[in-house]
Amino acid sequence: MSRRTAAKPAAQPTTCPCGLSAAYADCCGKLHRGLAQAATAEQLMRSRYSAFAVRDIAYLLRSWHPDTRPAELDLDPGLSWERLEILGSTEGGPFHTAGTVEFRAHFRERGRSGSLHENSRFVRHDGAWVYLDGDHSED
Ligand SMILES: [Zn+2]
């Protein structure tokens, strides 16, 4: 494990970073703690964004398809995730086995604002939604 992944996790936020009005503990926090599973690809996407925000690397790795999952994940300690916008989605519902979610994630990096625009692909793996891959651009 690298020095950067050993950094202390960020303090747990009260409202959920994913943008829904629920408290973190009742929203993505439940998925991070393994108390609930994402019913839709969009819910998984929100929970993964929140996991980036709270630096839950273990959740990011276990919600990643084993075929595309990196061996380890480094999160930039100088980057903080500020806001998530869901722009659209296809399929990814309770009765689907695949889906896509298009989003824009806003961040701050050393005083500079930026955003990441991605169209992510999700599939079910052993019944649970996981992240497969995505096409992204920084804009
Ligand atoms: Zn949430």
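Of the contacts in this chain with a separation of 6 or more, 48% are between residues 24 or more positions apart; two residues count as in contact if their C-beta atoms, placed from the backbone, lie within 7 Å. Please keep in mind that this is a predicted model, where local features need pLDDT of at least 70, side-chain atom pairs count only at pLDDT 80 or more, and totals for chains, interfaces and linings use all residues. Residues are numbered from 1 along each chain as its sequence is written.

**Overall layout**

- The chain has 3 helices and 4 strands, which are DSSP runs numbered from the N terminus (helices: H or I, at least four residues; strands: E, at least two).
- Starting at the N terminus, the order of elements is α-α-α-β-β-β-β.
- Of the 139 residues, 27% are buried, that is, they have 20 or more other C-beta atoms within 10 Å of their own, with C-beta atoms placed from the backbone.

**The sheet**

- The strands make an open sheet of 4 in the order S1-S2-S3-S4, with antiparallel pairing; two strands pair if DSSP finds at least two bridges between them.
- S1 and S4 are the edge strands, each with a single partner, so one side of each has no neighbour in the sheet.
- On average, neighbouring strands are turned by 25 degrees against each other, direction ignored; the axes behind such angles are lines fitted to C-alpha atoms, for helices over the stretch in contact, and angles run from 0 to 180 degrees between N-to-C directions.
- Helix H2 packs on this sheet and touches S1, S2, S3 and S4, with its direction at about 170 degrees to that of S1.

**Strand pairs up close**

- S1 (residues 79-91) and S2 (residues 98-109) run antiparallel and are joined by 11 bridges; Thr90 has Thr100 in S2 as its bridge partner.
- These two strands form a hairpin with 6 residues between them, and Gly92 in the turn has a positive phi of about 75 degrees.
- S2 also pairs with S3 (residues 112-125) in the antiparallel sense, over 12 bridges, and here Glu109 stands opposite Arg112 in S3.

**The nonpolar core**

- The largest nonpolar core has 23 residues, and those with the most contacts inside it are Leu44, Met45, Tyr49 and Phe122; such a core is a set of buried Ala, Val, Leu, Ile, Met, Phe, Trp, Tyr and Cys residues joined through C-beta atoms within 7 Å.
- Two or more core residues come from each of H1 (28-32), H2 (41-54), S1, S2 and S4 (128-138), and H2 gives the largest share, 7 residues.
- Leaving aside residues up to four places away in sequence, Leu44 touches Ala38, Ser63, Phe122, Trp129 and Tyr131.

How values were computed:
A residue is buried if 20 or more other C-beta atoms lie within 10 Å of its own, exposed if 12 or fewer, and partly exposed in between; C-beta atoms are placed from the backbone.
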